[in-house]
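Here is a short report on ligand contacts and metal sites. The structure comes first.

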Amino acid sequence: MKRLMLALMTVGLLFTGIAHSNDAQFERGIGGVESLRGASELETTRPADDFKRYPRDQGVIDSDYVYQPPLIPHTIRNYEVSLNANKCLSCHSWKNAKEMGATKISVTHYETREGQVLSDVSPRRYFCQQCHVPQADAKPLVGNTFERVDALRDSVE
Ligand code: HEC
Ligand code: HEC
């Protein structure tokens, strides 16, 4: 009897052992799933993607839909936008735009959610990059069939 129990226990231990090592493997790996970061395992540090190139001398790319925040036609590397400073406004605010030769932010940037017009940039328009991104010839992360709205399409297209 004792022997039988011992044998059973050993077999039991063996099984839990196998189950365990399988679990661990599963937790550590990505289960063969490929995502936007590719198929690299969680524990490997893959090299960072290259910086996107922002061509210098191209104009602002046309909008694709009405009321689209225009793309940024210049580099914004190291431009601080924080509680203490807003680099964008040093050129784009109504006060500085003329002198800097930049487009001034439109009046919508002074409006609150309730439509009240403030004398300074509205808090909801303070963090420019929330809506404006630098224009780059970037490959879409996922495919899509988006087409420019009719009103903004060239007649020759
Ligand atoms: C040193 C001045 C300067 C700074 C700082 C700057 N810009 Fe500009 N920006 C310009 C000028 C000048 C243009 C006009 C196009 C050109 O010559 O590149 C422009 C164009 C733009 C446009 C296109 C506007 C249009 O005519 O449709 C957007 C959007 C824009 N900038 C957003 C930003 C944002 C967001 C930041 C901060 C992250 C920023 N800019 C910082 C000078 C500046
Ligand atoms: C909540 C989204 C949002 C944020 C935040 C925002 N913008 Fe805009 N911006 C827009 C939209 C939408 C337009 C186009 C329609 C309009 O003028 O309101 C625009 C237009 C502009 C234009 C072109 C104006 C013109 O007359 O052609 C400039 C320049 C600009 N934004 C700069 C900025 C800067 C600088 C900041 C940060 C201080 C900023 N924006 C923050 C959405 C935003």
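## Contacts of ligand 1

An oxygen atom of ligand 1 lies 3.1 Å from a side-chain N or O atom of threonine 103. This is a predicted model: local features need pLDDT of at least 70, side-chain atom pairs count only at pLDDT 80 or more, and totals for chains, interfaces and linings use all residues. Side-chain values use heavy atoms, without hydrogens and water, residues are numbered from 1 along each chain as its sequence is written, and chains are lettered from A and ligands numbered from 1 in the order written.

Histidine 74 has a polar side-chain atom 2.8 Å from a nitrogen atom of ligand 1. Histidine 92 also places a polar side-chain atom 2.8 Å from a nitrogen atom of this ligand.

## Shell

Around ligand 1 there are 17 residues (a heavy atom within 4 Å). His74, Cys88, Cys91, His92 and Thr103 come nearest. By class, the shell has 10 nonpolar, 6 polar and 1 charged residues.

## Iron of ligand 1

His74 (NE2) and His92 (NE2) coordinate the iron atom of ligand 1 at 1.9 to 2.0 Å (donors are N, O and S atoms within 2.8 Å of the metal, or 3.2 Å for Na, K and Ca). The pair links distant parts of the chain, 18 residues apart. Histidine 74 is in the loop between α1 (2-28) and α2 (89-92), and histidine 92 is in helix α2 (a helix is a DSSP run, H or I, of at least four residues).

## Iron of ligand 2

The protein donors of the iron atom of ligand 2 are His109 (NE2) and His132 (NE2), 2.0 Å from it.

Note on methods. Polar contact = N/O pair within 3.5 Å; in protein donor to acceptor, adjacent residues only side chain to side chain. Nonpolar A, V, L, I, M, F, W, Y, C, P; charged D, E, K, R; others polar. Helix = DSSP H or I, 4+ residues; strand = E, 2+ residues; numbered from the N terminus.
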